[in-house]
Amino acid sequence: MIGFILAGLIIGALARLIKPGKQNLGLVATLLLGLVGSIIGGTIASLLGTGQIFELNVLGFIVSVIAAVLLIGVAESVAGRRRVTR
């Protein structure tokens, strides 16, 4: 469980470094997006036959970071729409 949380934090932080521009996300949002990204990446890697969903492998890690970058983009667009409508 601690390893899963640590991996989510690392994946979320890497995604924020890769995504250009400034993101208005706190530590908890980074952790949550990293965790969701790691679940998505693990699922895709598992479907491709590279191992179990919660098993650390290179393909799963790469897909996790990509998924987290996309999730950050979605989170920014949702947060941006909320600011505009107020």
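The largest nonpolar core of this predicted model consists of eight residues: Ile11, Ala15, Leu25, Leu33, Val65, Ala68, Val69 and Ile72. A nonpolar core here is a set of buried Ala, Val, Leu, Ile, Met, Phe, Trp, Tyr and Cys residues joined through side-chain atoms within 4.5 Å; buried means under 20% relative accessible area, exposed over 50%, and partly exposed in between, with a 1.4 Å probe and protein chains only. Two elements, H1 and helix H3 (58-85), each give two or more residues to this core. H3 supplies the largest share, four residues. In soluble globular proteins, nonpolar side chains tend to be buried together.

The protein as a whole has three helices and zero strands, in the order α-α-α along the sequence. Helices (H or I, at least four residues) and strands (E, at least two) are DSSP runs, numbered from the N terminus. The C-alpha atoms fill a box of roughly 45 × 25 × 20 Å along the principal axes. Of the 86 residues, 29% count as buried.

One member of the core, Leu25, is in contact with Arg16, Thr30, Leu33 and Ile72, leaving aside neighbours within four places in sequence. Contact means heavy atoms within 4.5 Å. Across the protein, among contacts between residues at least 6 apart in sequence, 59% join residues at least 24 apart.

Ser64 is also found in helix H3. Ser64 counts as buried because its relative accessibility is 3%. Residues up to four places away in sequence not counted, Ser64 touches Ile11, Gly37, Ser38, Gly41 and Gly42.

Val36 lies in helix H2, residues 27-47. With 40% relative accessibility, Val36 is therefore classed as partly exposed. Its C-alpha atom is separated by 14 Å from that of Ile62, 26 residues apart along the chain.

Leu6 belongs to helix H1, residues 2-18. The protein exposes about 5,700 Å², of which carbon and sulfur atoms supply 74%. Accessible areas come from the Shrake-Rupley method with a 1.4 Å probe; for residues, only the protein chains shown count as cover.

Residues are numbered from 1 along each chain as its sequence is written, and side-chain values use heavy atoms, with hydrogens and water left out. In this predicted model, local features need pLDDT of at least 70 and side-chain atom pairs count only at pLDDT 80 or more, while totals for chains, interfaces and linings use all residues.
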